[in-house]
Amino acid sequence: MSTASFAAELENLAVIRRFAEETAQSLQANQAAIDDMLQAVDEAVTNIIVHGYAGRPGTIEAQVKRAGDSLIVRLRDQAPRFDPTTVRPPDLTLPLEKRRPGGLGVHLIRHFVDQVHYHTAPQGGNELTLVKKAF
Amino acid sequence: MNVSASQAQGRVPVTILSIQGDLDGSNYQDLIAKAQELYQAGTRRLILDMTDLRFMSSSGIVALHSIALLMRGDQPPDPAQGWAAFHAVARDSAELQQHVKLLNPQPRVDRALEVAGLKTFFEIHTDLATAVASF
């Protein structure tokens, strides 16, 4: 397991992805699962920065670990409460011009990982857990 | 992310914009700005060479759409609208293919295109000569 904190800035997206990737590789997760997890992590972190902190300074704590046959990434922030699991998925049976705006990043998160869990953190803020079968 | 432009001549002049590195929320607007420069310099047919693009998030997907609109002389929508940007993609899908085509997206990027539903809206090639000749 590895945990690190990052300033919530878009310039840190690549740094956070690299942290998640290198930790997952050291845990010997399979690369296809890592690739999917990175897409989800990036979307989640981008949402935290752009919509959560919305230009205000803050930090994002990322924890990467293995639990059984799953790779788990936990993201914690101190932005205003936002539960992405309550965002309704887009109806993909509708042609794009009829779909409601918003929710693209959350849709991608749901697609790339097996489980998404949200909690309000005990110390305040948000805690998002992404789970992907990877071993 | 680095971008570099080159020219090719098929039935019409074609600009090839090679994108190297990662395309995410920190730099997608730079790519749009580069495409804008090319348009102002006379480019109307563009191949986005994704051979060396390692990662693309939903921000990159919105950039692709914005570039397609730019190349036909339209103002791209506000990228912050997310799905609303894709509504315009769906409306304009046939014409988009006349202006911007994708070359050689790597598996990770190809998957992001697929999940976002964009593979039906952009013609994708794996060979540069074929891509140039397709305009």
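Q: How many helices and strands does chain B have, and what makes a stretch count as one?
A: Chain B has six helices and six strands. Helices are DSSP runs of H or I with at least four residues, strands are runs of E with at least two, and both are numbered from the N terminus. Read along the sequence, chain B goes β-β-α-β-β-α-α-α-β-α-β-α.

Q: What sort of model is this, and how are things numbered?
A: It's a predicted model, where local features need pLDDT of at least 70 and side-chain atom pairs count only at pLDDT 80 or more, while totals for chains, interfaces and linings use all residues. Residues are numbered from 1 along each chain as its sequence is written, with chains lettered from A and ligands numbered from 1 in the order in which they are written.

Q: What does chain A look like by the DSSP count?
A: Chain A comes to three helices and five strands, running β-α-α-β-β-α-β-β from the N terminus.

Q: Why is G105(A) called buried?
A: A residue is buried if 20 or more other C-beta atoms lie within 10 Å of its own, exposed if 12 or fewer, and partly exposed in between, with C-beta atoms placed from the backbone. G105(A) has 24 such atoms within 10 Å, so it counts as buried. Its place is in helix α3 of chain A.

Q: And why is G68(A) called exposed?
A: G68(A) has 8 other C-beta atoms within 10 Å, so it is exposed. You'll find G68(A) in the loop between β2 (59-67) and β3 of chain A. Its C-alpha is 9.4 Å from that of A134(A), although the two are 66 residues apart along the chain.

Q: What share of each chain counts as buried?
A: In chain A, 39% of the 135 residues count as buried; in chain B, 43% of 135 do.

Q: Which residues is G105(A) in contact with, and what makes something a contact?
A: Two residues are in contact if their C-beta atoms, placed from the backbone, lie within 7 Å. Leaving aside neighbours within four places in sequence, G105(A) is in contact with E43(A), T46(A), N47(A) and S58(B).

Q: How do you know how α2(A) and α3(A) run relative to each other?
A: Axes are lines fitted to C-alpha atoms, for helices over the stretch in contact, and angles run from 0 to 180 degrees between N-to-C directions. Angles under 35 degrees count as roughly parallel, over 145 as roughly antiparallel, 65 to 115 as roughly perpendicular and the rest as oblique. Helix α2 (residues 31-53) and helix α3 (residues 104-112) of chain A pack at about 155 degrees, with axes 8 Å apart. The two are therefore roughly antiparallel. Among the residues making the contact are M37(A) and A40(A) of α2(A), and L108(A) and F112(A) of α3(A).

Q: What makes a crossing left-handed or right-handed?
A: The crossing is left-handed if the near helix is turned anticlockwise from the far one by less than a right angle, and right-handed if clockwise. The crossing of α2(A) and α3(A) is left-handed, whereas α1(A) passes α2(A) in a right-handed crossing.

Q: Which strands sit at the edges of the chain A sheet, and what makes two strands a pair?
A: Two strands pair if DSSP finds at least two bridges between them. The open sheet of five strands has the order β1-β2-β3-β5-β4 (chain A), with antiparallel pairing. β1 (2-7) and β4 of chain A each have a single partner strand, so one side of each is left without a neighbour in the sheet.

Q: How many bridges back up the pairings of β5(A)?
A: β3 (residues 70-77) of chain A and β5(A) pair antiparallel over eight bridges, with L71(A) opposite K132(A). β4 (residues 115-120) of chain A and β5(A) pair antiparallel over six bridges, with H119(A) opposite E127(A). Five residues lie between β4(A) and β5(A) in their hairpin, and G124(A) in the turn has a positive phi of about 95 degrees.
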